Amino acid sequence: MFSRAYRAVITLPPLLWVAAFLLIPYALLFCYSFWSVSPDQVIVHSWSLDNYRELFRVDVYLQTLFRSMWIAARVTIFALLLGYPLAYFLSFHAGKRKDLLYQLVIIPLWVSYLVRAYAWKTILGSDGVLNTLLQYVHLTKHPLEFLLYSPFAVVLTLTHIYTPFTFLPIYASLEHIPRNLVEASHDLGASPFQTFWRVIFPLSIPGVLAGATFAFVLSLGDFLAPLLLGGPSGIMISNIVVSLFGAAYNWPLGAAISLCMLVLVIALLFLSENLEKKWSFR
Amino acid sequence: MATSTESAITNAARPGTEPLLTIRNVAKSFGRNAVLRDISLQVAEGEFLTILGESGSGKTTLLRIIAGFESADSGEIWMGGERLDPLPPYRRRVNTVFQHYALFPHLTVEENVGYGLRVAKRPKEEIASRVEQALAMVKMTDYARSKPARISGGQQQRIALARALVNRPRLLLLDEPLSALDANLRRQMQVELKSLQREVGISFVFVTHDQEEAMVMSDRIALLRTGELEQVASPREIYSRPATAYTAQFIGHTNLLHAEVKDGVARCHSLSWRTGFRDGSALFSLRPENIRLASATAAHDVVRFRAKVRHQAFHGATELLQIECADGLALSIRTASRENRQGELELEFSAADAVPVRESPERN
């Protein structure tokens, strides 16, 4: 159909872009993960698996990784608990207000991540909005310390930030359910409750899986929320990578951790895509 | 137009028997658009009633009101002594076969069929045996474990039917269930559906826009036009005794003759025939097949005339001729096929076959 030259012209720019900003950096990262740093802070280009051994030898790396996964898991659960009912209500019961409510759910996505994270800082701090209020109504005598600089703050903020990402695929999958299936279910004697569990929920599972994957993967790799609100107990794996590439000047170890994360995330995406396929019927 | 009391009598299911379903003065509007106006209709136990109408006539809305997916603005629906219209669809002993089948894509064929029994929490053994029976009834036993996406349209249609009938409803509603099938399969399914209905003895309310389909299957046809019932009668009755010009034209072909009646004789152009109709202008329906080539012996009350053939359309066993009389009156006639019918023909029809019909007034 199209000439060779034409095809080359339109495919080359994106190809170059991907090569320059994705493939080459990943290749470099891959190489770095086998190199090391000499005591006088020079990168030594000798190949070894030492960085990967270090990863499994030093407790703090694995502990932080598990903590990150646990934080991401909680964020995923809360995002699903908030996002699913919201999506269900909008898709099935919002009527004429559907479009308006949809926009209201989407608007926070246009607000800068940093602004939203800082907002939580103002709310949760020792002399923040929440503690002031609690003391004012005499529910507490002293400011609650666990509110800020804790895993709790990180989970809360990430849930706030990533719930729309969970909501969207669930909403899309609910919107795709033919309404005559719901009618057929009622027609066959199923109550609204039975109809939800036997028809609507099973058919929305691909959306739930996609939404859960978004929430989990995005919060697993997050480093701003723990940096701003996590404190020492709320540090996540990305914060360690950041410090290894920065102050600690150990690029090779940072690269090794990054690659492990990358493999983990790709495995998760692969798994969720397969499950989604299994649960889609069209 | 008939008044509502009059139509309530004429639309009665069977004189003397208690009807299964009674629709009383049902009306429905969507916004300013009146979709149904004052519909009264009864369905007898074991009857096959077809609601026939063009798209936009309100036939699907009426069906959805019976099923409970829409609520009527006014009027009542009763089934066997129980008022139906305040109940949600899942509390009505009515099942529906949907136009696009609406099979659950995540369930197998047998799970689809067993759905109604499972939500009713019937014992497992009973579900298994009734599902098996239902699948056998529609000859789909071999596909029990297939997913709906893996079977053909005609097969999906059978499953939709089995899924509804397995619940032993008192009334089965069918919303143009054959419209997605190709012509041959469609004719075959019409016959199967009719014999299945006789076998199970459940009342069927069948919605379609296809008058041939309605004629083949129904005990009675309720013809709906822009939200009002035009005529409710058996296929033979509605064909041979159409009440209105619209009915005569919608069901089969017809010639509409605008005549003047005076002293028991109707005149239209050069044609005249005896009629019992009152004096004044009147409209008569004369079916094309009731006009025939004149026979040698002139019978009583037969109208004879001559006309030229203008156009000949071959339909296989029969052909449709467009003819024109000397005074310009154009008619269609249907006769047995014969090659090269040309020139002038000597024709006749019986006065009794010119059926007086009411004008159908324009509505919105």
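Q: At what angle do the axes of α11(A) and α12(A) cross, and within what distance do they come?

A: Two packed helices are described by the angle between their axes and the distance between the axes. Here, the axes of helix α11 (residues 237-245) of chain A and α12(A) cross at roughly 150° and come within 8 Å. The two helices are therefore roughly antiparallel to each other (angles over 145 degrees on a scale from 0 to 180 between N-to-C directions). By the way, this is a predicted model, where local features need pLDDT of at least 70, side-chain atom pairs need 80 or more, and totals for chains, interfaces and linings use all residues. Residues are numbered from 1 along each chain as written, chains are lettered from A and ligands numbered from 1 in written order, and side-chain values use heavy atoms, without hydrogens or water.

Q: Which residues of α11(A) make the contact with α12(A)?

A: On the α11(A) side, look at A:Ile237, A:Ile240, A:Val241, A:Leu244 and A:Phe245 (contact: heavy atoms within 4.5 Å). Their partners on α12(A) include A:Trp251, A:Ile257 and A:Met261.

Q: Which residues are buried in α2(A)?

A: An α-helix has 3.6 residues a turn, so residues three or four places apart point the same way. In helix α2 (residues 50-57) of chain A, A:Asn51, A:Tyr52 and A:Leu55 are buried (under 20% relative accessible area; exposed is over 50%). Seen down the axis, they fall within an arc of 100°, so they line one face of the helix. A:Arg53 and A:Arg57 are exposed on the other side of α2(A).

Q: Which helices do the buried residues of α2(A) pack against?

A: They pack against α1 (4-32), α3 (59-93) and α12 (251-278) of chain A.

Methods. Buried means under 20% relative accessible area, exposed over 50%, partly exposed in between (1.4 Å probe, protein chains only). Helices (H or I, at least four residues) and strands (E, at least two) are DSSP runs, numbered from the N terminus. The arc is that of the directions from the helix axis to the C-beta atoms. Angles under 35 degrees count as roughly parallel, over 145 as roughly antiparallel, 65 to 115 as roughly perpendicular and the rest as oblique.
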